[in-house]
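Have the structure open while you read.

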Amino acid sequence: MAKVHVFDHPLIQHKLTYIRDKNTGTKEFRELVDEVATLMAYEITRELPLMEKEIDTPVCKATSNVLAGKKLGIVPILRAGIGMVEGILNLIPAAKVGHIGLYRDPETLLPVEYYIKLPSDVSERHFILVDPMLATGGSAIAATDSLKKRGAKNIQFMCLIAAPEGVKAFTEAHPDVDVYIAALDEKLDEKGYIVPGLGDAGDRLFGTK
């Protein structure tokens, strides 16, 4: 079964408070999301494999550790997921970036894929799928379906805020994908918004309504 990791690091929680605050402007909101994504990336990459490498220090020869060549991919769910990409790339600049675009069908309310672009070597990559919110779980489930359909075998899902309903739906649909979140909130309201949440992440990132 998928593991759900809730990050309680003081810096993440501190910055998340200002991300939630409705008085935080677009520029500061964008910067805070970027910073939290970097902090979360530090935690989510904790289990990456290492290999030994011999180097010359200014003093002598030494054996030290480097990443074991695992290919990484970051895939934001459009559009709000884009706001988390640069923060992750700050730590993993060599990672390739794909994109998955989804919209909700007004009649069925189900997510529909309208765009996908991934690195060519999907089956060889370790993917971090990102979206600021995990509400009902529909978009995250559909995006993970898309990655698996194209051959992805190793996926982690990362978001800022999740509702219990979304976590339950996602982990039941994809029990092999671990979930990493900065905060697990109380519930969804009747409109499907996370409570207390942070509003519409896409609108707050890009200054739209």
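Ala201 sits in helix 6. Keep in mind that this is a predicted model. Ala201 has a relative accessible area of 6%, so it counts as buried, the cut-off being under 20%. Setting aside residues up to four places away in sequence, Ala201 touches Phe29, Ala80, Pro132 and Met133.

Not counting residues up to four places away in sequence, Gly199 touches Met133 and Tyr193, while Asp200 is in contact with Arg79 and Tyr193.

Pro132, one of the contacts of Ala201, belongs to the loop between strand 8 (125-130) and strand 9 (133-134). Again leaving out residues up to four places away in sequence, Pro132 touches Ala80, Gly81, Met84, Cys159, Leu160, Ile161 and Ala201.

Here's how these residues compare on accessibility:

| Residue | Relative accessibility | Class |
|---|---|---|
| Pro132 | 2% | buried |
| Ala201 | 6% | buried |
| Asp200 | 32% | partly exposed |
| Gly199 | 36% | partly exposed |

What does the UniProt record say about them? One "binding site" annotation, from an unreviewed entry, covers Ile194, Gly199, Asp200 and Ala201. The lining of the largest pocket includes Ile194, Gly199, Asp200 and Ala201. UniProt also lists, for "binding site" (unreviewed entry), Arg79, Arg104, Asp131, Pro132, Met133, Leu134, Ala135, Thr136, Gly137, Gly138, Ser139 and Asp200. From this set, the lining of the largest pocket takes in Arg79, Arg104, Asp131, Pro132, Met133, Leu134, Ala135, Thr136, Gly137, Gly138, Ser139 and Asp200. Asp200 turns up in both annotations.

Now for the helix pair. Two packed helices are described by the angle between their axes and the distance between those axes. Helix 4 (residues 138-149) and helix 5 (residues 164-173) pack at an angle of about 20 degrees, and their axes are 9 Å apart. Angles under 35 degrees count as roughly parallel, so helix 4 and helix 5 are roughly parallel to each other. Which residues make the contact? On helix 4 they are Ala140, Ile141 and Thr144, and on helix 5 they are Ala169, Phe170 and Ala173. As for handedness, helix 4 passes helix 5 in a right-handed crossing.

Methods:
Residues numbered from 1 in each chain as written. Predicted model: local features only at pLDDT ≥ 70, side-chain atom pairs only at ≥ 80, totals over all residues. Heavy atoms only, no water. UniProt positions renumbered as here; feature names shortened; annotations may be inferred. 1 Å grid on protein atoms, 1.4 Å probe; cavity = no way out; pocket = protein on both sides within 12 Å on 5 of 7 lines; lining within 4 Å. Buried < 20%, exposed > 50% of the residue type's maximum accessible area, 1.4 Å probe, protein only. Contact = heavy atoms within 4.5 Å. Helix = DSSP H or I, 4+ residues; strand = E, 2+ residues; numbered from the N terminus. Axes fitted to C-alpha atoms, helices over the stretch in contact; angles between N-to-C directions. Parallel < 35°, antiparallel > 145°, perpendicular 65-115°, else oblique. Left-handed = near helix turned anticlockwise from the far one by under 90°.
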